[in-house]
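Here are my notes on this model, written for someone new to reading structures. Please keep the 3D view open and follow the points in order.

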Amino acid sequence: MVGRGSNQRLSSSVSSFGSQISFLMLSMLAAMAALYVAGRLWQDAESRVYLINELDRRTGLGKSSVSVDDTLKIISCREKQKTLTALHVELEKARQEGFVPKHLSENTGTNAKKKLLAVIGIVTTFGRKNNRDAIRKAWMPIGAALKILEEEKGIVIRFVLGRSSNHGDSSEREIDDENRQTDDFIILDNYVESLDSKANKTKLFLIHAVEQWDAEFYAKINDDVYLDIDALGAVLATHLDKPRVYIGCMKSGEVFSLPKHKWYELDWWKFGDGKSLILHSYAHDDITIGSWFIGLDVNHVDEGKFCCSSQSSGAICASG
């Protein structure tokens, strides 16, 4: 039998032993937790070092020479390459279907042509061969020299003429003979020569020129104008940095309503107070073309050197 005092000593011993075990377990858990936290901290420290080094490398603070601008340029180039590839696919499809403009098909491939500086149309009509011959002798190259001017200086010059109201008559045959000899005409098959529709003739010439040639400038003059080609090229070159530029001898003043006046305008009453209509044709082609550009987003340049009727020393042309 165990007396009462023995039970008390046994209970005390058991309690002491349990306390030691609890302390030991707590110590082990604390040690394991410390090792875990230390390990994580060490891993985090290594990760932070790696991330800092990688960030330095990518942002250019380290040894990398690729900047943000360079990265954006690379991205932009890749996007443009994708767009260009898609356009090539569409172009090839359009070419197979026959929807490629003449100047585009001529300017692509191995026989690509450089962009021209200017295409000049000299508006003429039947019965004015003497005027054309005078221009050929004075300032317009003929034969092979005309082709050299196009290739070396990027300037194309052609006389612009429509058809006769009596298609195939002697007037047309004379022009066909002249053109076979000189090869310097643009014949507008969809225009019938008329004194009352010169503006429409100019419009059709511009349409034809844009379809046929890719140039920086398109110009129109009359067959009584004498031009300094080199001076014209120099003036045009100073405006190459201006987008959508309209250059000319700009004039303003009275709109003539008297029929006997040289510059009589049949539709004089339409001018002023916002009455002008875009792409409406007026009696004179210069007035018509100018009115078209009023409502467009173009830079108007009043170039005094283009005033052919003036006697200024800097003029690049003269009117006969």
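Predicted model: local features only at pLDDT ≥ 70, side-chain atom pairs only at ≥ 80, totals over all residues.

1. A term comes first. A disulfide is a pair of cysteine sulfur atoms within 2.5 Å.

2. How many disulfides does a search of the whole structure find? It finds 2. Number the bonded cysteines along the chain, and the pattern reads 1-2, 3-4.

3. Take the link of Cys249 and Cys307. Their sulfur atoms are 1.9 Å apart. The angle about the S-S bond is 95 degrees, and the link is right-handed. This pair ties distant parts of the chain together, 58 residues apart. Cys249 sits in the loop between β6 and α9 (285-294). Cys307 sits in the loop between β7 (299-302) and β8 (317-319).

4. Are these two cysteines buried or exposed? Buried means under 20% relative accessible area. Cys249 has 22% relative accessibility, so it counts as partly exposed. Cys307 has 14%, so it counts as buried.

5. The other link joins Cys308 to Cys317, with 2.0 Å from S to S. Its angle about the S-S bond is -95 degrees, and this link is left-handed. Cys308 is buried, at a relative accessible area of 19%. Cys317 is buried too, at 9%.

6. Look at one pair of strands in detail. β1 (residues 116-123) and β2 (residues 155-163) run parallel and are paired over 6 bridges. Val123 stands opposite Val160 in β2. As background, strands of a sheet pair through backbone hydrogen bonds, either parallel or antiparallel.

7. Which residues of α4 are buried? They are Arg132, Ile135 and Arg136. Seen down the helix axis, they fall within an arc of 100 degrees, so they line one face of α4. An α-helix has 3.6 residues a turn, so residues three or four places apart point the same way. The buried residues of α4 pack against β1, β2, α6 (170-182), β3 and β5 (225-227). The face turned away from the buried side carries the exposed residues Asn130, Lys137 and Ala138.

8. Beyond its neighbours within four places in sequence, Arg136 is in contact with several residues, including Ile142, Phe159, Glu178 and Asp184.

9. Helix α8 (residues 229-237) also has a buried side. Its buried residues are Ile229, Leu232, Gly233, Val235 and Leu236. They cover an arc of only 165 degrees around the axis, which puts them on the same side of α8. They pack against β1, α5, β2, β4, β5 and β6 (245-248). At the start of α8, a side-chain oxygen of Asp228 comes to within 3.3 Å of the backbone nitrogen of Asp230.

10. Finish with Ser164. Where is it? Ser164 is in the loop between β2 and α6. It is buried, with a relative accessible area of 10%. Its side chain makes a polar contact with the side chain of Asp169, at 2.7 Å. Setting aside neighbours within four places in sequence, Ser164 is in contact with Phe126, Asp169, Glu172 and Val192.

Definitions and conventions:
Residues numbered from 1 in each chain as written. Heavy atoms only, no water. Pairing = 2+ DSSP bridges. Helix = DSSP H or I, 4+ residues; strand = E, 2+ residues; numbered from the N terminus. Contact = heavy atoms within 4.5 Å. Buried < 20%, exposed > 50% of the residue type's maximum accessible area, 1.4 Å probe, protein only. Arc of directions from axis to C-beta. Polar contact = N/O pair within 3.5 Å; in protein donor to acceptor, adjacent residues only side chain to side chain.
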